[in-house]
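Have the viewer open and follow along point by point.

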Amino acid sequence: MAGECVPEGPDLGDMSEEELWELINDNRHRISLGVRPCILIPYLRQARVLAEMDEDEILSSHNLTNRSMRTSYMLDLLRTQGRNGAVALLESLMIHYPTLYTQVTGRKPSTEPSRFSGLIKYSELTEYLVRAVTGMQKELQEARCEASKKSAHCASLQLEIRQIMDLEEKSRGLQAENERMRRHLCSLQRDVTKLKDEKCDVYMRYTAAIEEKSAVNMRLHDLNLQIYQLQTELQKAQTENEFQKKCSLRCASPADTPRLQEEVRSLRCQLVKVEKLDPAREDILAQDLAEAIDSQVELAEQLRCYREENEQLLTDKQGLLDQKECLSLQVQQLTLDCKMHQQKSTVIQNQMKELQAERDQAYLSRDEAQAMIARMLAEKDTLRCQLVELQEQVFSLQAKRSPRGQRQSCDETEMDWESLRSSCEESLLCPLRTPTRRLLCRMDAINPMSLMSECEDSTASVRSRNPEPPSPESFRRREEALYADSSLDTVDTESLFEDFVFIPDVGSEDKQTPRLFLSNGSSIDGSVSRTSYPPFLMRSRPKAIRVNGRVLSISLQGEALLSQLTVVGGNKTGVFVHQVTEGTLAHTVGISRGAQIVEVRYEQNQKALKMVLEDSTLEEAMWALGQVTGLCHLSLRPRQDDYEALLQQLQSSETISGDSFYVRVNMSLSAGPNGTLAVSCNDILHVTHTRPAGTEDSWRASQVHPCQLLDLQTGNVPNYYRAQRLLIQAIEDMSFQTKKSRKAGRVVEQNKQKAVRIVSTGHHGRNPLWVSVEEENTKSTEPGDTSAPKSCLTLMPYSLVTPIFPPICRPVLLLPTILGHSLNKKVADWQGFQLCEPEVLSASEHAARLQRSEILEEFEQGTHCCYTLQCVEKVMKKGIHCVLPLGLDCVRRLHRAQIFPIIIFIGLSARSARKLKSKLQRHSQSEERLLACSKSEEPLLDKLPCLYHSVAPDSWSDQASLLTRLRSIIWEEQKKIVWVEHDQW
């Protein structure tokens with residue numbers, strides 16, 4: 001994120017052999033990591049500093065196992081060639097690795113003949129450059145094919161996503177139908193409950209009717225009994241009456257006859273009365289009996305109906321229960337399908353993100369290749385111009401020898417220049433008449449200032465390949481090549497005539513002559529005569545500002561630039577112009593609110609400095625703009641929508657700034673006043689503001705949840721520079737305490753919490769957290785002092801990290817290595833764990849996998865039995881933990897393969913090592929070797945680009961408790977986020 005300056009180093013031709021090789025050896029590590037020998041060897045062979053045998057030894061030797069070793073061996077071979085070897089190496093870097101060449105020598109790369117040492121003839125050098133350009137064109141074509149394939153794959157993935165979304169919509173419909181069926185089932189259950197209640201009421205009424213029927217039967221039985229008794233009494237009375245009548249007839253005297261007759265009459269009257277009373281009672285009883293029978297029949301009919309309804313309801317209930325079970329099974333199946341589709345969708349989205357990143361990288365590589373091709377063609381056209389001038393001198397010399405030759409040469413010269421002018425006009429106007437040429441995609445990815453002259457020269461010369469001077473035939477060949485291969489010429493000629501807008505210098509009242517900026521940083525005054533240059537190298541009109549796509553480059557006097565404008569934003573959103581003071585130079589040249597500041601260029605101490613602010617933090621941007629003095633060039637990109645969205649988020653308190661990045665703390669900081677956050681070494685912080693209000697040397701940060709991307713406690717932490725000073729002070733205090741404890745004969749306790757983590761940036765590229773350090777160094781050093789101490793290159797209080805979410809079970813690596821080998825089999829016996837088994841390879845396959853860095857570690861030296869990445873991936877595909885019987889060297893290879901193991905370091909002391917004595921003896925190891933291994937591997941843990949878990953020696957008592965502790969640690973680490981630093985290896 002820091003500004004990048006390219007000072008002009010000393011001339012290489014004036015340097016001696018020892019100085020050249022000292023310069024190369026100082027950057028040997030950078031060259032070994034960034035250079036591919038197969039690219040430089042053709043040039044070195046042509047320069048005759050390497051032989052064919054040397055080439056075969058560098059590329060095919062089995063002792064050179066990786067690219068860095070091959071490059072180092074090539075440097076050793078070139079060292080034997082003395083000065084020629086050093087010069088040839090630097091020239092090859094200037095052609096193929098211009099950025100690395102600038103970093104090594106401090107000079108800008110150039111392919112002018114004067115910049116080469118003469119080890120290769122001019123014609124051979126031209127042929128080599130042509131071959132290099134052809135190779136770059138082929139690589140560009142392959143990159144385009146790969147990008148089209150990626151686009152097609154992305155389209156297919158999008159189609160699959162749409163299909164998955166359709167399935168998800170169907171699943172939602174089925175869930176809605178399931179809810180409706182559930183509601184219908186609930187209503188049916190309520191109806192069943194109502195019917196049950198009605199059935200209970202019917203049973204109650206039926207019971208009451210049965211009781212009434214029983215009472216009626218009892219009454220009927222009593223009445224029948226009474227009737228039977230009366231009939232018996234009547235028969236008895238009749239029998240007695242007949243007996244008395246007979247007796248009276250036999251023995252009755254005449255005097256008793258009237259009395260008897262009177263009694264007979266009375267008895268007859270009584271009998272008549274009795275006979276009249278019995279039929280009425282019988283009628284009443286018969287009527288009551290008929291009514292009871294009818295009511296019994298009605299109740300029996302009702303009971304039969306209720307029984308039928310009950311059976312029907314039971315049948316319906318059973319059917320609804322069966323339907324409910326079927327629906328529940330369907331719901332479970334749909335839920336599983338939905339989860340599976342969601343997982344597939346997540347995987348596809350991750351793949352799409354990776355494809356987009358690869359696509360952007362391909363676009364960037366393509367744009368860089370096009371820029372390099374344009375520069376090389378422009379330089380070749382300059383050489384052709386020189387050839388034309390030399391040819392004119394030759395013609396003039398021939399003309400001096402003979403008057404006739406002089407007239408003839410003059411005629412030919414006039415004809416040649418006329419043909420050149422006509423062909424140049426045709427080449428410039430023909431593209432304007434052919435609108436079928438397509439524009440270059442993603443032109444915003446190329447720096448507009450660096451491509452200003454390249455695009456201007458590309459209208460005059462395209463794909464020059466022949467070393468001969470320009471002629472009408474050569475211009476016709478260029479025009480045919482321009483129409484034949486439109487993929488290489490991607491800048492439309494029409495846009496070149498409309499790209500430039502002239503802005504006069506507001507610092508002076510009178511008009512100044514506009515300056516023409518070239519690709520090498522120099523400028524040509526507008527007063528130069530057009531006749532001094534060939535027609536095909538002249539610009540149509542000089543301009544001061546150039547608009548390239550959506551990037552606007554503005555030149556102005558930048559004295560006290562922060563007083564002319566204010567900025568807002570950060571590395572997440574970009575740095576935008578927030579306010580512009582009216583009446584200032586920034587307001588006069590047209591800088592407005594909402595423009596993103598992409599790049600700043602200015603001169604300081606006669607050095608051209610460039611600072612890229614496209615992904616810088618607010619602190620870095622304000623420091624960079626505060627360093628501007630004198631004339632500066634601002635590259636602006638209008639992004640009004642993004643600026644308005646940022647202001648809306650700031651006003652609604654959704655965010656406090658445009659900064660957002662995660663860092664790993666390399667030192668322990670205690671809490672302090674003004675809300676200073678207390679952090680420990682190896683904590684992860686989410687920095688949300690690099691310039692909070694009221695503080696100049698603090699950041700606003702939050703602690704991060706270990707398992708989720710959630711901000712916990714928020715507070716202020718020292719910024720990079722102040723934290724670096726605290727880190728240096730802490731190291732000095734620790735060194736003093738260590739010396740004092742040695743004098744007293746005491747040893748620092750091992751259980752003491754880790755205070756600092758020493759991280760060196762010597763192997764790093766550009767770190768986004770260096771600007772805050774350079775700000776202080778710039779302020780503390782004199783303007784002319786160029787040897788200011790760059791402490792930021794050695795110690796890092798914060799390391800930039802990236803969150804990784806492993807989708808499957810992570811491998812397990814136990815340290816120290818000796819103790820890990822004795823515990824691996826125990827851990828592998830657990831459920832969900834498996835030991836990584838070695839793989840036997842053939843000699844050719846072993847060499848191929850070693851070339852691809854797929855071999856993690858050799859199982860036995862001298863054999864082809866080794867642990868490979870495929871063995872680890874095979875175990876991980878089963879969804880279980882892979883136990884790695886390896887050392888620390890495998891971590892970097894696993895990270896390159898996107899495999900992030902769980903690293904557990906078991907702390908040891910002399911007392912804890914004695915607890916494992918029997919275990920070590922079975923593996924032919926001793927306590928002393930175990931302690932020595934632990935002491936040697938513990939410092940290497942700080943060099944890992946990821947976090948690890950350390951087990952204290954007093955947290956376990958024996959092997960069983962240690963294994964239990966390890967199981968709980970693995971379970972906890974699997975749920976955590978993996979924080980990975982930028983590759984330090």
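1. In which helix is Thr-134 found? Thr-134 sits in helix H8, residues 122-251; helices here are DSSP runs of H or I with at least four residues, strands are E runs of at least two, and both are numbered from the N terminus. At 24% relative accessibility, Thr-134 counts as partly exposed (buried is under 20% relative accessible area, exposed is over 50%, and partly exposed is in between, with a 1.4 Å probe and protein chains only).

2. A word on the ground rules. This is a predicted model, where local features need pLDDT of at least 70 and side-chain atom pairs count only at pLDDT 80 or more, while totals for chains, interfaces and linings use all residues. Residues are numbered from 1 along each chain as its sequence is written, and side-chain values use heavy atoms, leaving out hydrogens and water.

3. Now the overall picture. The chain has 985 residues, 39% of which count as buried, and its secondary structure comes to 27 helices and 25 strands. Taking contacts (heavy atoms within 4.5 Å) with a separation of 6 or more, 72% are between residues 24 or more positions apart.

4. Next, the largest nonpolar core, which has 42 residues. Such a core is a set of buried Ala, Val, Leu, Ile, Met, Phe, Trp, Tyr and Cys residues joined through side-chain atoms within 4.5 Å. Helices supplying at least two residues each include H1 (17-26), H3 (37-46), H8 and H9 (257-401), but the largest share, eight residues, comes from H6. Leu-50 and Leu-93 have the most contacts inside the core. Leaving aside residues up to four places away in sequence, Leu-93 touches Ile-31, Val-35, Leu-40, Pro-98, Leu-100 and Tyr-101.

5. You'll find Ser-16 in the loop between strand S1 (3-5) and H1, partly exposed at a relative accessible area of 35%.

6. Which residues of helix H16 (618-626) are buried? They are Leu-618, Glu-619, Glu-620, Ala-621, Trp-623, Ala-624 and Leu-625. That makes seven of the nine residues, so H16 is largely enclosed by the rest of the structure.

7. Compare helix H22 (869-876), where Leu-869, Cys-871, Val-872, Val-875 and Met-876 are buried. They span an arc of only 165 degrees around the axis, which puts them on the same side of H22; the arc is taken from the directions from the helix axis to the C-beta atoms. Among the elements covering these buried residues are strand S18 (833-835), strand S22 (881-884) and helix H23 (890-896).

8. Finally, some backbone details. The peptide bond from Leu-815 to Pro-816 is cis, with omega near 0 degrees, and Pro-816 has its place in the loop between strand S17 (812-815) and helix H20 (817-828). Ser-653 is not a glycine, yet its phi is positive, near 60 degrees. Ser-653 lies in the loop between helix H17 (640-651) and strand S12 (661-665) and is exposed, with a relative accessible area of 62%. Asn-682, another residue other than glycine, has a positive phi near 75 degrees and is found in the loop between S12 and strand S13 (684-689).
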